[in-house]
Amino acid sequence: MVNNYSETSVSENYSAPEQTLEFKGKGTELFGIQLPNWVLTLVTCGLYYPWAKVEILKYVYSKTEFAGSRFKFHGTGKEMFKGFIKAIGIFAVLIGFFLFCSLSGKPELILVGMLGFYAGLGLIIPVAIHGRMRYRLSRTSWRGIHFGYTGSLKQLYIECIKGAFLTAITFGIYGSWFVVNLRKYIIGNIRFGNIRFSFDGEGGELFITHLKGYFLSVFTLGIYLFWYMRDLHFFYVNNILAEQNGRLVRLDANVTGTGYLKLIVGNVLIMVFTLGLGIPFVTVRTLNFVISNTQLIGTLDLENIEQAEADRIGATFEDVSDLLNLDLV
Amino acid sequence: MAVFQGLFFDGKTSSGQPVEIKLSPGLLVLTKKYGPEPSEFGWKIARISRNDFNDREQVVLEYASEPREVLEVNDPAFSGALQAAYPHAPFVKLKYSSFVSGNPLPLIGVLVGFIALIAAAYFWLIPKLTDVAAENMPTITEAQIGEALIGAMLKDEAIDSAKTVYAQKFFNHLHGKSENVATITVIDEKQANAFAVPGGNIVIFKPIIALTDNYAELAGLLAHENAHLQHRHSLKLLFRNLSTYFLASLLFGDVNGLMAILIENAENLKELEYNRDLEKEADMSGLELLRARKIDPNGMVNLFSALKDEHGKSAIPEFLSTHPVFDSRIEYLKAEIVKKPYQTQPNDSLEYYFRKLKE
Ligand SMILES: [Zn+2]
């Protein structure tokens, strides 16, 4: 029996699958999961929402395949519920403050209320991003290896305050650099076992992309919008690098403007003709478009990704972020 | 016994080790096919975590070990074999909805029940709740709301201040009380109309004064509007309308919209119509005031006849049910007058202010 083992027999019996990404979800399945969730969320006046969210995430992760293995989301409704309640609480306080000030009828107080409301929102955003990255990545695994986020909240605050300040005094021009720096910081702190990620796009590149996209869209009466989206997609995806033991691998998207056109026109038609009930089909189409059109340039050593110490944290800000509809990565 | 091929991950590295899997009672028996020493080990069924969304293409199982071990099986027969061998295990219970994978009846039942619930809430519970809220609202709060509303409504209107003074005096004499029961405002407008605003405000559009031929008709109008106020009809109406807006803004997450609602409704309130029950209640209460003040109740009947004619004349096609509504109102008013006849008394003050208003 001992003799049975040899390198050749491994490769004969088990050939390493190609390192491609694929989304295997189906609109009908997601619809079947969403429909009862909508009903339960409505019947419970929204309290069921965290559990519904977890179910959708579990489904989407377990239908996303990389190199033949599925991802897994380990979060629970209870964890998300805690974050959800805190998010609602924070919003209730902010909105309460805003309403209190506006109902007073005094112009100065109304101004204070508005400033307080937006300042409060601004101060939550870094906490929300940080909490969401920590929570969601720590609950994501592939082949039993967990993702993790090593960023610090303090550093994120510094990035955000600096970026917001420079963006304000340059009348928004610095915005592209702000977004890119934020992305560099966040993606630079994602790890997967002994794999680290980085983002090597530059603010200037994003700024040019926006400028070109804006003017060409205006000149072509909006037709160029789809190609503008493609360019942004390229910028955000193709600049993501993964590094393992000094070896670099790059993500590579091969979406096209026509692809975006088909995706968006199709999605709009589905939404209109199903009165919004077709949203699961829209989700599946979009995920399929994004995930299945992403490849790797270079190969990772998938046999030797080592598990890092898993950290357990609360779900506090998972849904603050979702409520604000921040979509990063 | 069937043997399946799978990949085993030990939770320490991502390296997959090919294993053979046998389904024995209470235990998955795994045998590493290659390795320094091929070894057999077991996964207790009770410690395998659930996975809600396995499919035939790939089944992933996770074992509650430290660190967690993972097993992947890409065999279309494996899912069925697991179901057959461990029918009660948590990891074979998939959470795909019955709507897609089998009997849709439970879900459709829940859905229909839920829609019925929503409909009941919308058509019965919410109006009921808003009525209760309107009835129990403190007078001071009603006055505050009313003040904001009347301010917004009259902002762009041309107020006829002379006629407003006479109309107020007319109303005070009609009511016969020393304090102002309601505040009357007369404005320049094209249609013949009048309406009550929460907090004790009645707004009269000038053309309706032109429509009246004697003080009893104007008294009928004001008695009717005053009854709307006394029964808090306009507050109820406002609340019902707000509840729809409130729900809509909740559904669409539009919080800022809520702020504008009150002011927006100030404009809409003019166009809103009370339902027939509320109108009848206001007609009957108005009639009682006329009886108490010994004013000819036929004034109210004549007022509605005049309004009906006015609607018939207008070039804009009116909502079809308008005429039957006036007809039925005239009918039940006549019946009520015949049922409880009383002696009328001429009222010089009302006559005087009516003449001033008609000038
Ligand atoms: Zn009325």
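Me: Does His228(B) count as buried or exposed?
Reply: Buried means under 20% relative accessible area and exposed over 50%, with partly exposed in between (1.4 Å probe, protein chains only). The relative accessibility of His228(B) is 1%, so His228(B) counts as buried.

Me: What pLDDT do local features need in this model?
Reply: Residues are numbered from 1 along each chain as its sequence is written, chains are lettered from A and ligands numbered from 1 in the order in which they are written, and side-chain values use heavy atoms, leaving out hydrogens and water. The model is predicted: totals for chains, interfaces and linings use all residues, side-chain atom pairs count only at pLDDT 80 or more, and local features need pLDDT of at least 70.

Me: Which protein donors does the zinc ion have?
Reply: Donors are N, O and S atoms within 2.8 Å of the metal (3.2 Å for Na, K and Ca); water is not among the atoms, so sites may look incomplete. Along the chain the donors follow the spacing H-x3-H-x50-E. At 2.0 to 2.2 Å from the zinc ion lie NE2 of His224(B), NE2 of His228(B) and OE of Glu279(B).

Me: How many residues apart are His228(B) and Glu279(B)?
Reply: Helices (H or I, at least four residues) and strands (E, at least two) are DSSP runs numbered from the N terminus. Glu279(B) is buried, with a relative accessible area of 14%. His228(B) is in helix H7 of chain B and Glu279(B) in helix H10 (residues 276-292) of chain B; the pair links distant parts of the chain, 51 residues apart.

Me: How does H5(B) lie relative to H7(B)?
Reply: Axes are lines fitted to C-alpha atoms, for helices over the stretch in contact, and angles run from 0 to 180 degrees between N-to-C directions. H5 (residues 161-175) and H7 (residues 215-230) of chain B pack with axes 10 Å apart, at an angle of about 80°. Angles under 35 degrees count as roughly parallel, over 145 as roughly antiparallel, 65 to 115 as roughly perpendicular and the rest as oblique. H5(B) and H7(B) are therefore roughly perpendicular.

Me: Which residues of H7(B) make the contact with H5(B)?
Reply: Contact means heavy atoms within 4.5 Å. H5(B) contributes Phe170(B), Phe171(B), Leu174(B) and His175(B), and H7(B) contributes Tyr215(B), Leu218(B), Ala219(B), Leu222(B), Ala223(B) and Asn226(B).

Me: Which strands stand at the edges of the sheet in chain A?
Reply: Two strands pair if DSSP finds at least two bridges between them. The open sheet has 10 strands in the order E1-E2-E3-E4-E5-E6-E7-E8-E9-E10 (chain A), with antiparallel pairing. Each edge strand has a single partner, so one side is left without a neighbour in the sheet; these strands are E1 (21-23) and E10 (294-297) of chain A.

Me: Which residue is the bridge partner of Phe66(A) in E3(A)?
Reply: E2 (residues 64-66) and E3 of chain A pair in the antiparallel sense over 2 bridges. They form a hairpin with 2 residues between them, and Ala67(A) in the turn has a positive phi of about 50°. In E3(A), Phe66(A) is bridged to Ser69(A).
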